[in-house]
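Please look over the model shown here before reading on. The report describes some of its packing.

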Amino acid sequence: MIRTSLACVLLAISAAPVVAADPPTYWRDVRPILRKHCTVCHSERKLSEVELSAGLALDKPELVRKNPKVLAPGKPDESLLATLLASKDKKRAMPLDAAPLPEADIATIRKWIAAGAPDGAVPKEADTGAAAVGPAKVRKLDVTFATRAVLPKAAGLPGPLDVTLQVGPLPPVAAVAFSPDGKRLAVGVYGRVTVWDLEAAKPAKFLTNVLGAVNDLKFSPDGSLLAVSGGQPSARGDLRLFDTKDWKLVHSLGGHLDTVSGVAFSPDGAKLASASFDKTVRLWDVKTGTVLHTFGGHSDSVYAVAFGPGGEWYATASKDRTGRLVDAATGKGRLTFSGMEQEVLAVAVRSDGQVVTSGFETQVSWWDPKTAERLRRTGGPGTASHELAFNAKGTLLAIAGGDGTVRLADAKAGTPGKPLAVGSAVFAVALDADGKRVATGAADGTVKLWDAADARLLATLWSGTGDNWLSLTPEGYAAGAEATLAATVWRAGGKPVADAQLLAPLLAPAAVAKATAGQKVPDPVWK
């Protein structure tokens, strides 16, 4: 009886009609794959950045269909979207300089193309800009920049002036770098680099053809190149070299399989070292853009890298709680800086070869580069040390603290000076060549310039989308883009200041430029 019943069941199953599975659709199946691996470069907002997007957008189905070579519905073998994902040619394979997509994802895209590339139902949360869905509404928050300026008593508005812009929340500033001559300052946030002309206190260039987060910036020793590092976490690293004369892209250095966290030029500018979350350091030939070696001696993410004064070696800082000293000629590790119980986030090398490291153990460790012996420990911030920086002359050390301060120390003895009260967790710090000015980048999205000698704030710098920018001194002097200044709201003691005559002495770009150049400026005078 059991065998007979089983046979009947099997017969019924075999006689039942086969129902074909729904084919993949763009919105349900393909878009999540493209968003994870492709649209950080190939999106509508990046179309104008041809060096990054190649003029291709994949974040809307109608944009994918614009080029019949990219998508030929019904013909996956004739669609570049499918063939390049499976290409064995590393120079053509997509995603470029990254691990290939999982076979299941490639199969889904091929099935979608074979089925005619149907759109499918548009999810309500999709930001397509289509009329049916409606444009995304982004709420902007007030960001207030304080000054110590006080209007004359006759104005009847007591209290210090501040400036408010509806531009928040601001992305954290993760990287700052002075040019060797101190005339420019490069600032990195997510998807954007602003190069400030410090002699004019305004941006000289906005670079948006970068991939994802900007984690580090370095000018070459002669100032002719700017290295920009970043990328997509757990996907691919991004490392680009720009010519500082015309800001054209010189090299896009691919190969890191995770975000590039730090970069360093050799003293002669001929080589570039890049540290990555993929646990490696790569050494590049700057002229040719080729890899000279890959150091894989760390067991976890590498956060930072710095060259020795002669360029024969470089030092690293890693999540594996060590630093390494690596031979630049062979790519082999020479020494290990060990004994830390927490992650090492930062490393710097003084002009005479002295190596310093710090991190979640906030004290600064000073190491002998010949023996890896720890010579001493000196004080650091209250929480994590995110970056260490010496000035070119090796006289001053700056320590960026997660406690909202920057500690300045004598570079020889390590004795601390007066801390800079930045006010928000500091992720980036840089010193000009003479050690007279300090630049800080913080979690609040602003850059601040300081006088190193007396810990005095010189100016606050901000730049945003649409080429908006503002530079402001603590004395109350302001300069900015026309659209930015038109949108600013000045307040005194919390009350709006609408009288243009009262504000006129403050709109003084020349005074701001003096401040960003490191000069003292007098308090404003009202007549």
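This is a predicted model: local features need pLDDT of at least 70, side-chain atom pairs count only at pLDDT 80 or more; totals for chains, interfaces and linings use all residues.

Residues are numbered from 1 along each chain as its sequence is written, and side-chain values use heavy atoms, with hydrogens and water left out.

Helices (H or I, at least four residues) and strands (E, at least two) are DSSP runs, numbered from the N terminus. Two strands pair if DSSP finds at least two bridges between them. Six strands, in the order β27-β28-β29-β30-β31-β32, form an open sheet of 6 strands with antiparallel pairing. Its edge strands, β27 and β32, each pair on one side only. Strands β30 and β31 pair in the antiparallel sense over 5 bridges, and G464 stands opposite N468 in β31. Helix α9 packs on the sheet and touches β28, β29, β30, β31 and β32; contact means heavy atoms within 4.5 Å.

| Element | Residues |
|---|---|
| strand β30 | residues 456-464 |
| strand β31 | residues 468-472 |
| helix α2 | residues 26-37 |
| helix α6 | residues 103-114 |

Helices α2 and α6 pack at an angle of about 135°, with their axes 10 Å apart. Axes are lines fitted to C-alpha atoms, for helices over the stretch in contact, and angles run from 0 to 180 degrees between N-to-C directions. The residues in contact include Y26 and I33 of α2 and W112 of α6.
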